[in-house]
Amino acid sequence: MLRLPVRAISVACALGLAGALSAVATSVPANAGEDSSIRHVLLLSVDGMHQSDLDWYVQKHPGSALASLVGHGTSFTNAQTPVPSDSFPGMVAQVTGGNPKTTGIYYDDSVNHALWPSGTTACTAPAPGAEVTYFEFLDKDPSSLAAGQTGLGPLPDNILKMTGNPQTLLDTTKMPAGGPGCQPIYPHQYIKVNTVFEVIKQAGMRTAWSDKHAAYDVLNGPSGTGIDDLFTPEINSQVPGAPAGKDWTSDNAYTRQYDGYKVQAVINEINGRDHSGVDHVGTPAILGMNFQSVSTGQKLALSKIDGNLAGGYVLDSSGHQVPGTLLSIALDFVNTSVGQMLSALHARHLDKSTAVILSAKHGQSPVDITQLKRIDDGAILDALNAAWAAQQPSRPQPLVPTNPVSGNFWSINDDGMLIWLKDRSQFAADFAKKFLLAQTGTSNEGKAYSASGLSKLYAGDAVGEFFGSKDGDPRVPDIFGIAQQGVVYTGGVKKIAEHGGAHTEDRHVPLVVATAATERSASDGSVETTQIAPTILHLLGLDPQSLQAVRAEHTRTLALGD
């Protein structure tokens with residue numbers, strides 16, 4: 001198996017910036033991109049990481065690679081992700097500059113009332129609505145780390161041989177249908193705006209990215225060609241040699257091993273090769289990856305391979321919630337990986353011409369495990385359908401079915417609640433709202449809950465107003481519920497944290513922009529991760545207004561330096 005060395009990286013060695021540690025270091029000028037000092041942007045998303053996690057780690061490890069980024073960067077300490085705080089809209093926001101109302105990406109698993117179900121060959125109006133499944137389900141083989149690609153040799157050892165064009169690994173029979181000719185709709189065709197990858201490539205520069213599903217083809221943008229090298233090993237695939245049913249998220253040790261493959265891919269790209277490390281193609285202008293290790297370190301109740309270590313947070317001697325042993329191990333792994341990338345940049349003399357942006361697609365909640373309340377949402381939704389059928393026998397079922405023949409309802413609930421109604425009338429939405437807010441019960445741990453575990457619920461027109469979407473948007477949910485603090489919707493007791501909602505813990509993530517010439521600075525003003533996209537283009541000397549979402553939402557470039 002491919003394994004990466006673990007070694008300590010000092011600040012000076014990691015960045016090659018001994019001189020920049022001195023008092024004469026200067027801030028990045030406002031025209032950093034215009035003077036062409038930055039040729040590359042390394043974008044890193046540490047999914048699940050909170051700003052508080054980064055603060056804690058840097059304080060505990062002042063000589064770490066993460067501390068070096070903070071020490072040579074502008075830290076935006078009040079950065080927020082979009083709502084819903086799901087990976088798909090979170091990543092799309094970073095590379096488009098837009099929220100779901102503009103990008104059309106509300107979740108990785110959603111419904112579009114203007115489309116036809118997968119397998120439809122004659123799209124006869126009116127459209128019945130369809131599930132849009134842009135996650136591991138869309139792989140030709142979701143059980144394979146290579147998403148169904150064959151001929152690579154034994155996995156996982158040969159995973160770096162996986163294609164850089166994962167569109168070829170998507171199963172068109174699982175895609176919703178629509179458009180001219182009633183064709184299957186690929187993820188890149190579903191997004192409504194262009195991406196930084198497209199703008200950068202159109203400027204004649206190379207692009208690369210690594211993520212967790214082949215469905216991240218969405219980042220290619222509407223052209224379908226924005227990313228030259230897109231490496232997407234399937235994180236929810238079966239771990240080779242592990243017991244059946246164990247994917248790369250089922251134990252934090254597996255997740256770290258999985259992330260290691262993507263780390264090596266990025267290092268290969270820094271070294272001027274493709275992700276496989278074989279072909280000489282030149283270092284991309286934009287490259288990077290998302291880490292999942294911190295996320296599973298927060299979500300898993302236990303990591304057995306690590307010696308039955310508990311995930312999540314613990315109280316320190318001063319009464320603050322801080323990363324526990326397992327989560328600390330995950331943070332150490334990310335730090336070491338970042339250090340390896342920084343060392344690779346230094347070895348290639350690219351450190352002074354590269355900007356590093358560190359953030360996260362989403363955070364995770366609850367941090368305080370005593371607040372955890374796991375609720376079986378399936379039982380609540382079954383009761384909602386039953387109540388509707390009993391009280392409104394002449395009207396259709398209120399929820400969009402996952403299967404147009406036999407399904408009864410459609411929703412996705414992690415630590416927020418999103419429901420798409422079959423009957424899109426305000427009457428049906430109000431019925432669902434009243435029912436859900438009246439539900440009481442007992443959580444999986446035996447704790448009492450009220451209002452279906454919700455603190456706020458938007459229904460019908462109010463959902464569109466909340467998201468700012470246009471009237472009649474066929475993609476927007478008909479019900480959006482914000483869970484009470486600590487509530488996670490699940491039928492079991494294995495998860496101790498989740499994301500997808502609108503809690504501060506779900507949304508308050510790090511955002512650091514570091515360059516060799518940057519003096520440490522921090523801003524506590526409110527910013528959004530959507531601002532990463534125009535900032536990337538500005539750093540590379542390109543026009544942020546080239547992004548459609550930036551124009552639509554007036555997304556501002558981050559103010560770097562003093």
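Helix H15 (residues 532-539) has eight of its eight residues buried, so this helix is largely enclosed by the rest of the structure. Buried here means under 20% relative accessible area, exposed means over 50%, and partly exposed lies in between (1.4 Å probe, protein chains only). The buried residues of H15 are Ile 532, Ala 533, Pro 534, Thr 535, Ile 536, Leu 537, His 538 and Leu 539. Just after H15, Gly 541 adopts a positive phi of about 80 degrees.

The model is predicted: local features require pLDDT of at least 70 and side-chain atom pairs count only at pLDDT 80 or more, whereas totals for chains, interfaces and linings use all residues. Residues are numbered from 1 along each chain as its sequence is written, and side-chain values use heavy atoms, with hydrogens and water left out.

**Overall architecture**

The protein contains 16 helices and 27 strands; helices (H or I, at least four residues) and strands (E, at least two) are DSSP runs numbered from the N terminus. Its radius of gyration is 23 Å, close to the 24 Å that the globule rule gives for 562 residues, so the protein is as compact as a globular protein of that length. The radius is taken over C-alpha atoms, and the rule is 2.2 Å times the number of residues to the power 0.38. The C-alpha trace spans about 75 × 60 × 50 Å along its principal axes.

Of the 562 residues, 61% are buried. Among contacts with a separation of 6 or more, 72% join residues 24 or more positions apart, a contact being heavy atoms within 4.5 Å.

**Buried sites**

His 40 belongs to strand S1 (residues 40-46) and counts as buried at 11% relative accessibility. Beyond its neighbours within four places in sequence, His 40 contacts residues including Thr 283, Pro 284, Leu 350 and Leu 540. His 40 and Ile 270 are 230 residues apart in sequence and 9.5 Å apart in space, C-alpha to C-alpha.

Lys 174 is located in the loop between strand S5 (130-133) and strand S6 (177-178), and is buried with a relative accessible area of 16%. With neighbours within four places set aside, its contacts include Ser 118, Phe 137 and Asp 139. The C-alpha atoms of Lys 174 and Ser 118 are 5.3 Å apart, although 56 residues separate the two in sequence.

Thr 490 occupies the loop between strand S23 (487-489) and helix H14 (504-507) and is buried, at 14% relative accessible area. A polar atom of the Thr 490 side chain lies 3.2 Å from the backbone nitrogen of Gly 492. Not counting residues up to four places away in sequence, Thr 490 touches Arg 374, Ile 375, Asp 376, Asp 377, Asn 444 and Lys 495.

**Backbone geometry**

Two cis peptide bonds are listed below.

| Peptide bond | Omega |
|---|---|
| Val 83 to Pro 84 | near 0 degrees |
| Leu 155 to Pro 156 | near 10 degrees |

Pro 84 lies in the loop between strand S3 (79-80) and helix H4 (87-96), while Pro 156 is placed in the loop between S5 and S6.

Positive phi values also occur at residues that are not glycine: Ser 452 has a phi of about 60 degrees, and His 554 one of about 55 degrees. Ser 452 sits in the loop between strand S20 (448-449) and strand S21 (454-459) and is buried, with a relative accessible area of 0%. His 554 lies in the segment after helix H16 (548-553) and counts as exposed at 67% relative accessibility.

Methods: Polar contact = N/O pair within 3.5 Å; in protein donor to acceptor, adjacent residues only side chain to side chain.
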